[in-house]
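I opened this entry to record what I looked up in the model. The notes follow the order in which I consulted it.

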Amino acid sequence: MSIFQVCTLGRMCLWFLLIIGLLSQSQQGAAHFYKIQPGTFKEFQYINCQGTYNRSTYTKLIRICEECQNLYRNDYTVSLECKENCFQNEMFDKCVLSLLLAHKEEEYKNMITYASG
Ligand SMILES: *[C@@H]1O[C@H](CO)[C@@H](O)[C@H](O)[C@H]1NC(C)=O
């Protein structure tokens, strides 16, 4: 049954359109609600960190991935790859080197061990 056939039923049509409108709005609301904010405990779980969530150290790790993403603007998945498996991946190491933070590598390794569990 097409939308035009429903509309031949007169008043029903208004209700139908109203309901469609409400549904599409609430879906957009839901999509917004489920968007995971960077630096949150939700994200921490999402990237499979099973250790201890410490907002201050976790934010430092996340920042590396985001600054790295800024560096490699044309490669849209850098940030995602960098966070994968709770930062235990090659991209994270590459990011630390690219951001000239090699001297802090040991410190980051400890943070990752703490976060990943
Ligand atoms: C989180 O980590 C920071 C830096 O290592 C430390 O100073 C702080 O005490 C930690 N916070 C908690 C709640 O463990």
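**Entry 1: Phe-87 and the ground rules**

I began with Phe-87, which is found in the loop between α5 (78-83) and α6. Helices here are DSSP runs of H or I with at least four residues, strands are runs of E with at least two, and both are numbered from the N terminus. I note that this is a predicted model, in which local features need pLDDT of at least 70 and side-chain atom pairs count only at pLDDT 80 or more, while totals for chains, interfaces and linings use all residues. Residues are numbered from 1 along each chain as its sequence is written.

I looked up phi for Phe-87 and found a value near 70°, which is positive in a residue other than glycine. Is Phe-87 buried or exposed? I recorded Phe-87 as buried, because 26 other C-beta atoms lie within 10 Å. The cut-offs are 20 or more other C-beta atoms within 10 Å for buried, 12 or fewer for exposed, and partly exposed in between, with C-beta atoms placed from the backbone.

**Entry 2: The whole chain**

I then stepped back to the protein, which has seven helices and zero strands. Along the sequence the pattern reads α-α-α-α-α-α-α. Of its 117 residues, 16% count as buried. I also checked the contacts with a separation of 6 or more, and residues 24 or more positions apart account for 58% of them. Two residues are in contact if their C-beta atoms, placed from the backbone, lie within 7 Å.

**Entry 3: Helix α4 against α6**

I took helix α4 (residues 55-71) next. The axes of α4 and helix α6 (residues 90-98) come within 9 Å and cross at roughly 70°. Axes are lines fitted to C-alpha atoms, for helices over the stretch in contact, and the angles run from 0 to 180 degrees between N-to-C directions. The two helices, α4 and α6, are therefore roughly perpendicular. The classes are roughly parallel under 35 degrees, roughly antiparallel over 145, roughly perpendicular from 65 to 115, and oblique for the rest.

On the α4 side I listed Ile-64, Cys-65, Cys-68 and Leu-71, and on the α6 side Cys-95, Val-96 and Ser-98. By class, this contact of α4 with α6 has six nonpolar residues, one polar and no charged. Ala, Val, Leu, Ile, Met, Phe, Trp, Tyr, Cys and Pro count as nonpolar, Asp, Glu, Lys and Arg as charged, and the others, Gly among them, as polar.

I also checked Glu-67, which is found in α4. Glu-67 counts as partly exposed because it has 15 C-beta neighbours inside 10 Å. Its C-alpha is separated by 9.9 Å from that of Val-78, eleven residues away along the chain.

**Entry 4: Helix α4 against α7**

How do α4 and α7 pack, and at what angle? I found an angle of about 120°, with the axes 10 Å apart. That makes α4 oblique to α7. The crossing of α4 past α7 is left-handed, meaning that the near helix is turned anticlockwise from the far one by less than a right angle, whereas clockwise would be right-handed.

In this contact Thr-57, Tyr-58, Lys-60 and Leu-61 of α4 meet Tyr-108, Met-111, Ile-112, Tyr-114 and Ala-115 of α7. I sorted the residues of the contact of α4 with α7 into seven nonpolar, one polar and one charged.

**Entry 5: Along α7**

Helix α7 (residues 105-116) has twelve residues and reaches 16 Å from its first C-alpha to its last, close to the expected 16 Å. The expected span is 1.5 Å times one less than the number of residues. Just after α7, I noted a positive phi of about 85° at Gly-117.

Within α7 I compared two positions. Ala-115, in α7, counts as buried because it has 21 C-beta neighbours inside 10 Å. Not counting residues up to four places away in sequence, Ala-115 touches Cys-49, Gly-51, Thr-52, Thr-57, Tyr-58, Leu-61 and Cys-86. Ala-115 and Thr-52 are 63 residues apart in sequence, yet 5.1 Å apart from C-alpha to C-alpha. Asn-110, also found in α7, is exposed, with 11 other C-beta atoms within 10 Å.
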